[in-house]
Every structure is written in C-alpha cells, then in structure tokens.
Amino acid sequence: MANESLVPTICPYCGVGCGFYVALEDGQEPRIEYMPDHPVNEGALCPKGNAALEVLGHPERLRHPLKKTEDGWAEISWEEALDLVSEKLKEALEAHGPHTIGFLGSAKVTNEENYIFQKMARLLGISNVDNCARLCHSPTIYGLERAFGLVGVTNPFPDLANSRCILVIGSNLAENHPIVARWILKAKDRGATVIVVDPRLTPTAWLADQHLQIDPGTDVALLNGMMRVILKEGLADTEFVTRQTVGFEDLVGSLEEYTPEKVAEIAGVSAAGIVKAARSYARSPASSIVYSMGITQHAVGTDNVTACANLALICGQVGRPGAGLYPLRGQNNVQGACDMGMLPDFYPGGRRIDDPGVVEDVEEAWGASHLPTAPGLTAVEMTEAAYDGDLRILYVVGEDPINSGPNTDRAREALERLEFMVVQDIFMTETAQMADLVLPAALWAEKEGTFTSTERRVQRIRRAADPPGDAREDLWIFSQVAERLGLGFHYAGPDDVLTEINRVLPSYGGVTRERLASPGGLIWPCPDPGHPGTPILHTEGFSTPDGRGRIVPVEYKPPAEVTDQEYPLVLTTGRVVLHYNAGSMTRRSPSLAGRVPELFVEINPHDAKKLEIEEGDPVAVTTARGRILARADLTERVGPGVVFLPFHFPDTNRLTTDVLDPVAKIPEFKVAACRIGRG
Amino acid sequence: MQDREGMILSKAVYADMSRCIACHACEVACEKAHGAAKIFVDVVRDRVSVPVSCCQCEKATCVMVCYPGALSQDNGSITFDSDRCTGCDLCVLACPFGAVQLDTAGVRRCDLCPDREVPACVVTCPSQALIWDDVENIAREIRKRAAVKMGRSLASGRVL
Amino acid sequence: MKKRLLAVDEKTCIGCRACSAVCPVDLIRLSDEDGVRRIDFPGICDEDCQECARACPEEAIDLVFGEVQPEFVLSFDLVPCQRCGAPFVTYGEMDRLGKTIPQELQTDAFGASWITLCPRCRRSVERERAAKTLLVSRRGTRV
C-alpha cells in the first residue's frame with residue numbers, strides 16, 4: 001500500500017510474545033498487520049492481540065502529571081512532579097530508612113525499565129521491590145529454582161508439536177494463551193494424546209482426549225497418585241533418575257498412601273482415569289507438562305509446582321525435544337521483570353540477594369557499595385506492612401494492586417494508611433485513584449526496548465506512535481528521579497541500558513540490540529554474541545550446583561478455606577479470553593468489552609435450580625471477606641458445588657482470601673468458600 | 001438448503017470445529033477489517049464452538065431476493081454494491097444460515113476479504129480452525145484430519 | 001392548494017424496510033413492537049426526491065399532487081419464529097420470499113423448513129446440527 005510503513009512489535013498482553021506489525025499510513029489510524037514469519041504465532045493473533053491498538057489513542061489515557069489536592073486532581077508540571085517524588089523518597093530515607101519504602105515494578109514495562117527501577121531501589125538501599133509475578137507465578141520461581149536450578153519454560157512453544165503426550169494442568173490456555181493451543185493441536189495432528197486437568201470444562205478441556213475434572217485444590221493428590229501408579233508399574237525412567245536427579249528414595253516412601261482409590265476420593269475423579277493419565281504420560285516417548293495459575297495460585301502453590309517437576313523428573317520427561325515443563329506466564333514481560341531482578345530476593349539474572357558472592361559481583365558491576373544483602377518484602381507483604389504502618393512510601397509502576405491483589409477492601413484500607421503513594425500508569429486505575437501523585441506513562445507502542453516472553457525469548461519493541469499529551473517513557477521518568485537523588489544515571493536511552501544488561505546478566509550476555517532485529521529474537525541463556533541462544537534447557541544436566549534435578553516429596557494439604565454450612569460452595573477465579581487481568585486495558589477496548597461487558601458468575605444448572613436462580617439473574621456472591629453482585633451464567637463449565645468468577649472486574653477480589661503460600665507468598669486466589677443468593 | 005459441496009468457488013473458508021476454541025479472534029479481526037463482524041462464533045451446550053459466516057452458496061437465496069441487484073453472483077463469487085442497496089432486509093430474511101446482517105453501512109456478509117491474500121479471520125485464527133484453500137484441497141485436508149483422529153482412537157485404545 | 005403527497009397502496013405493500021431505510025430526510029419511520037410492525041408515513045413530502053418510490057420492491061408507493069392529507073400509519077402483524085417465538089417477519093415479506101425462492105431451496109437437507117425461523121434461530125439450528133458429532137465425542141472425555 002502507498003506510503004505505508006510497517007513497524008514490527010510484540011503484543012502487550014500475555015506472555016506468549018506474539019509478533020505483529022503496526023501499520024502506519026498517512027492520515028490513517030494505525031492498524032494491525034499480521035506477521036506470518038513470526039516463529040511462535042505464525043501471523044495469528046487472539047482477540048486481545050487484534051484489539052491491542054484500541055488503547056493507543058484512548059480518550060481516558062493519562063496525559064499530564066496529576067497531584068491530589070483538596071479540590072481534586074491538579075495538573076502539575078513534570079518538574080514539580082519529579083521534585084515531589086524525589087523529595088518524598090529523600091525524606092523517608094533520612095527519617096525512617098529504606099525499609100519503609102516499597103517499589104512495585106511492572107511486568108508490562110520493558111526489561112530496560114525494570115532493570116533501571118530495581119537498580120535505583122537497591123542503590124538507595126531499598127530491598128522491598130517486587131512485581132506482579134508474585135500474584136501469578138511466584139511458586140514457579142521457588143519451585144523450579146529448587147528443582148531445576150533455573151526458572152523458565154524449558155522448551156519453546158513450537159517444540160510442543162513434538163510431544164506425544166501433553167498434560168495440561170491448571171491452565172485454560174485456549175482462553176488465556178490461545179496461540180499455545182495452536183501448538184497443542186499440531187501435536188494432536190501428529191497423534192499426541194492430550195490430558196487436561198481442570199475443575200472447569202474449559203475450551204482447553206475440549207481439546208483433551210482425557211479431561212480430569214478434579215475438585216479445586218487437589219492437584220498434589222492427583223500428581224502424587226499418578227506418580228505412585230508410575231512407580232508401581234515400573235514406568236519410571238530409572239536410568240534418568242539415577243544419572244540426573246537426587247531425592248528419588250524419599251519420594252518413593254512418601255507416595256505409598258496415594259492409591260488411585262484414595263486420590264479418586266480426594267480429587268473427585270475416577271481411579272481408572274488417574275491410572276490411564278499416569279500411563280499415557282509415562283509411556284509416551286516425549287511428554288510435556290503445561291501449567292499455569294491453576295497450579296500456582298494456591299496456598300500450596302510451591303508444592304503444586306514441585307509435584308509437577310517431580311513427575312517430569314521421575315519419568316525423565318525434560319531436557320529433550322518434545323519433553324518439557326511449560327509454566328505459562330500471564331504478562332508480556334513477567335519473565336523479563338523477574339530476570340531483571342524486580343524481585344525482593346533476587347538481583348538481576350536470578351541470583352540470590354543473600355549470597356555474598358552475588359552481592360559482591362553486583363556491587364562491582366554497578367560501582368556501588370552497601371547494596372542490600374537480605375530479602376525485602378513481597379508485594380502482598382508490602383500491603384500488610386502498609387496496614388501496620390511499617391511501610392510509608394509506595395512507588396507503583398503499571399500495576400493495579402487494588403484490583404489484582406486479594407481481599408480488596410483490606411488492601412484499600414492498607415494503602416490509605418500510606419504517607420505517600422505515587423502511581424505511574426497509562427490509565428487512572430483504582431490504585432491510581434488512591435495515589436497522591438499520578439505520573440502519565442507511555443505505553444509499549446510508544447517506546448523502544450525489549451520484552452522477554454514466557455519462552456525466555458527476548459524480543460524488541462519499536463516506537464510506532466507518540467505518547468499522548470505530556471505522557472513520558474518510564475525510562476525517562478526513572479532517570480529523572482534518579483538524577484534528583486544523585487544516583488548519577490547517564491543512560492542515553494534503552495540501548496545504553498541493554499548494553500549494561502549484556503554486561504551484568506550472564507544469561508543475557510549475547511542478547512544485543514543488533515541481534516534482535518529479526519522476528520523471534522533470541523532465547524536466553526545466550527551468554528555471548530556468538531551464542532545461538534538456548535531454546536531447550538537442561539539438555540546436559542540441570543542448572544543446580546551439582547547438575548542434578550531435585551526431587552522433593554510433597555504431601556497433599558486441603559485448601560486453606562473449606563466449605564461449611566454458611567459458605568457451601570467452592571469459589572474459584574480465573575480469566576476469560578476477551579479480557580486481561582485487572583481489565584484496565586480490555587475494559588476500555590470496545591471490541592473486547594462489548595463482547596463481555598460485565599461481571600458474571602458461572603453456576604452449575606443443578607445448583608442454580610436448588611437456589612431458584614435463572615440465567616441472567618443478578619445474584620449476590622458472599623465470602624467471609626465481602627459480598628458482591630454478578631449476573632448468573634448457568635453453565636456446565638463448572639461442576640456442581642463449584643462457582644467461577646473472572647477477575648477482570650473490580651469486585652471479584654473483594655471476595656478472595658489473602659492466605660499465602662508460605663514460600664512464594666502468593667495468595668490462594670483459586671479457592672474460597674462462598675454462598676450465592678438472589679441479588 | 002444448499003450443501004457446500006455444490007460450490008463452484010475456487011477458494012473457500014472452511015471451519016474445522018474440532019479445533020475451534022471459541023476465542024472470537026476471527027470476529028474481532030473481521031470487525032477491524034470491515035468495521036463490523038461478519039462471522040459469528042457461539043458455543044453449543046458448553047462443549048462445541050461453531051463459527052458461522054456466509055458460506056457463499058452456489059444457489060444464493062440472498063441474491064435471488066435482492067430486487068435492486070445490490071447483491072450479485074458471478075462465477076460463484078457474491079459481491080455487494082452498496083449504491084444499489086435499499087436496506088429492505090429481504091436478504092437477511094432469505095439467508096438459510098442467518099449469516100447476513102444489515103446495518104446503516106449496508107449488508108453485512110462475508111466478502112472473503114478481496115483486498116487480502118488470505119481473509120483476516122483465517123490469518124488470525126490461533127488454533128487453525130479456519131482454513132482458506134481450494135475446495136478440493138479442503139476436502140483432502142478434512143479427510144486427512146479425520147484419518148488422524150481415527151488412528152488416534154485406536155492408539156489411545158492401546159494405552160490402557 | 002395542492003401539495004406533493006405520498007400515496008401508498010396498502011394492498012401491495014409488504015411492510016419491508018426499504019422506503020424507511022432510503023428516505024434521506026427520515027420522514028418514513030419504521031418500528032417493531034409487540035409483534036407488530038408500524039410504518040409511519042408523512043402526509044406530504046416537499047423534497048425533490050423519488051427514493052422511496054424507486055426503492056419499493058412492490059412499486060406500492062407513488063408521489064402525486066393532491067389536497068393536503070394527514071400523516072398515516074400502516075401496521076403489519078409479524079410472524080413469530082417457529083422455534084423461539086420471537087416475531088421477526090411480516091406476512092407480506094414471507095409471501096414474497098416464498099414466491100422468489102424456489103421451493104426446493106426453502107427446506108434444508110433434512111426436509112425442515114428454515115424460512116419460518118428467525119435468523120438467530122437459523123444460526124442456532126445450524127450450530128446444533130454441526131456440533132452433534134463433536135458433542136458426543138467430547139462428552140466421553142471426562143473421567
């Protein structure tokens with residue numbers, strides 16, 4: 001087409017990392033053009049990808065720095081806004097110390113921006129840094145770090161097509177990562193068996209040869225049950241176990257009581273189904289496990305991840321083409337934010353903060369001294385500390401903890417107690433409304449940088465539009481604040497930061513700007529400029545100090561909250577294909593919001609009949625934390641006794657519990673006890 | 001009703017329902033390309049998702065009832081001329097599949113994206129449920145997929 | 001004084017949407033309510049325009065000069081969909097469809113008439129039929 005230019009970019013929604021072009025034509029609105037030569041999505045896009053540009057010139061975009069005054073929001077200059085942030089930080093540092101300050105980075109902003117943000121925090125002595133990975137995949141971080149020594153999807157998505165058995169557990173990927181369904185279907189075309197474990201009859205379950213509709217929160221029991229079958233029937237890969245793992249003997253002893261019959265009773269599925277699934281997974285020449293927040297968002301999230309890793313390890317189903325473990329991550333750059341050290345206990349490159357050698361390395365790289373040597377608070381713990389008055393200042397970038405965190409009403413109360421909160425975002429989110437200062441940020445299509453997808457694939461984004469009004473790139477904002485705090489940041493732009501990342505993060509050593517020019521980028525570890533990247537991990541042993549995978553027995557524990565007479569139904573939460581996380585973008589996207597405009601609750605027709613509820617009725621959903629209204633959706637997607645709420649609308653998390661996994665500190669979003677009544 | 005086997009179109013969009021995951025990407029892509037969606041995805045009994053759009057009938061009843069000649073059929077392909085459309089609604093009422101809609105912009109029915117090499121709904125489909133190909137190739141592809149499925153059921157029988 | 005008037009032949013008008021859709025100044029208004037289609041016509045029309053008359057499939061509209069007449073309304077009962085009961089088509093429209101579409105095309109491959117179903121139900125029926133085999137096989141995967 002005439003005068004048209006195509007700017008290659010990466011989708012800003014989930015962690016799959018699909019490529020597309022922003023097509024720019026004189027006098028026309030920017031539009032999407034498909035990218036058939038992208039190795040992951042091959043041109044395809046889910047509905048959110050197709051609608052990605054709808055937020056670009058949205059009238060509700062933040063355009064000016066806003067300061068809260070008695071008369072409401074006042075537009076102020078950047079000068080004044082940046083001075084205010086730095087003064088507040090300085091005051092708190094001097095008067096109360098760095099432990100009273102928290103930085104919430106963002107899985108939505110670039111690697112370069114997260115790197116700079118956490119560097120700024122740590123140079124100031126602040127170790128309370130975290131990002132939304134806490135709420136989605138923190139159990140993956142701790143579980144896989146322990147099991148494999150490295151956190152990330154082990155194999156690329158196209159390699160799923162080489163699997164002969166795919167076990168999908170706690171992932172509704174057909175809705176939340178639709179492009180992954182493409183690769184699962186390609187595997188099916190080649191004859192693969194697909195097993196889906198989910199309490200709901202999701203579109204993902206439609207693809208299954210076998211759907212194990214377990215009761216919410218019984219994953220460990222099921223996985224242990226499968227492992228027991230595998231051991232009893234001699235289906236374990238003993239050669240792999242001996243050569244590549246430690247801890248097998250402990251596991252054998254721990255599984256004795258998980259008989260198919262007992263597990264069937266706990267999980268609400270048939271014993272024969274458990275046996276069949278175990279055999280399919282263990283016997284196939286190459287099996288993969290795909291999991292997501294149905295595994296992680298539990299008080300036993302880390303145990304769930306560990307059980308998945310155990311299963312892969314005893315069957316030797318990892319470290320080969322078609323044999324891998326896929327924790328599907330939700331945000332476009334959640335892998336990158338974690339890689340960059342936007343976590344309270346890790347410096348960039350997934351290196352532990354309490355390892356003196358690591359601290360020394362980072363101090364040398366940054367030319368700094370006295371960097372934090374102990375983990376800080378996690379996201380949910382920061383909210384708790386704010387409630388107790390121990391946290392005074394919170395700097396939030398591109399996150400909406402009020403909507404995305406658990407137990408909203410209490411979180412709101414906690415944030416109200418803060419002395420000062422600054423929120424940097426593209427829209428006035430619920431959290432931003434509570435801030436003292438709001439900074440307008442540029443969104444992905446308005447800046448340059450890199451994202452790391454859930455495949456560990458580092459890809460470039462390019463500027464295709466100007467930010468609206470006075471909105472600025474996050475990197476510019478951070479640099480300005482850092483300069484006012486005397487940190488001496490002199491980065492000319494994202495490329496400068498990437499060069500430092502190449503130097504500081506061993507696994508990103510060869511991920512240079514020049515090498516990211518073609519579709520598909522590079523998959524880390526990529527230690528030097530001549531390295532081709534590492535699509536499949538653990539081919540030559542694991543990344544643990546002795547190169548062996550860790551098998552760690554885990555026991556089944558029931559969910560923290562169980563049903564009783566007052567709250568007889570199990571409430572589980574999740575996502576729908578047309579919306580995204582807290583919904584600040586998709587609820588403003590007409591082609592998406594128009595199709596799912598309001599909160600609904602899925603109820604099994606059997607339960608609805610007893611409750612005298614009809615399709616479309618407004619109903620009240622109540623838990624120990626609160627009561628909300630939603631439209632009843634009578635459907636067999638949920639079994640009797642279970643109800644489902646999507647969490648893209650503000651009310652859902654008013655109901656969820658803030659009981660945390662003891663290791664990963666993730667709240668149990670997936671199970672609560674509730675009751676339903678007429679609205 | 002005319003079955004689709006009688007089509008004389010060289011190319012067509014085929015929907016393999018066993019792959020459709022009800023993601024609505026085709027609808028949104030179509031909406032982006034044409035201002036309003038001309039393909040409609042809905043789920044039957046919580047288990048099967050079926051996309052419906054114009055299937056380019058060989059004996060197109062929508063064309064037969066279009067007295068001003070806004071819809072015309074030439075060599076199998078159905079075209080729409082908005083200048084001739086009166087907005088009478090008869091084409092909507094004459095479609096056996098309910099795949100034609102009418103709004104202020106005129107008749108909404110799939111035109112197979114004449115400006116694109118491959119229709120937008122097909123390119124965007126994450127699960128490759130929509131196929132754009134020669135009719136003969138489609139028939140071959142369907143047979144191939146059916147054969148794989150049959151093989152699979154035998155294979156899964158062996159697993160037990 | 002003589003004015004330009006709209007003359008509509010009630011016997012031939014089938015109650016379709018053409019005249020109301022083409023009128024450039026929105027003088028002809030159509031509404032469907034409680035199973036009845038109502039078309040409001042103006043008594044006079046001073047526009048230099050023949051759109052409605054030209055658009056009418058039944059040539060039921062004439063623009064003539066005559067004594068001023070008041071606005072008038074034509075009402076048409078709507079036929080309910082045989083599946084969901086929602087009224088969706090006038091008898092006149094149905095009649096015209098029946099005459100225009102060859103008899104053999106008015107029923108589907110199973111001999112059932114689709115013409116008496118509303119477009120929404122036609123989609124549903126098509127979907128249900130298409131989904132049948134898959135529904136059976138997918139019911140069998142749960143364990």
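Visitor: How much space lies in the second largest cavity?
Guide: This is a predicted model, in which totals for linings use all residues. Residues are numbered from 1 along each chain. A cavity is a set of points on a 1 Å grid over the protein atoms alone where a 1.4 Å probe fits but cannot get out, and the volume is that filled by probe spheres set on the points, joined across faces, edges and corners. For the second largest cavity, the space comes to about 290 Å³.

Visitor: Which residues are the closest to the centre of the second largest cavity?
Guide: The second largest cavity is lined by 25 residues, a lining residue having an atom within 4 Å of a point. Of these, the closest to the centre are G170(A), D198(A), G294(A), T573(A) and K670(A).

Visitor: Why does the second largest cavity lie between domains, and which are they?
Guide: Domain bounds here come from an automatic or database assignment. Because both domains give residues to its lining, the second largest cavity lies between domain 3 (138–328) and domain 4 (569–678) of chain A.

Visitor: What volume does the largest cavity have?
Guide: The count comes to 12 cavities of 30 Å³ or more. Within the largest cavity, K108(A), Q331(A), G398(A), Y580(A) and N581(A) are the closest to the centre among 38 lining residues. The volume of this largest cavity is about 640 Å³.

Note on methods. Chains lettered and ligands numbered in written order. Predicted model: local features only at pLDDT ≥ 70, side-chain atom pairs only at ≥ 80, totals over all residues. Heavy atoms only, no water. 1 Å grid on protein atoms, 1.4 Å probe; cavity = no way out; pocket = protein on both sides within 12 Å on 5 of 7 lines; lining within 4 Å.
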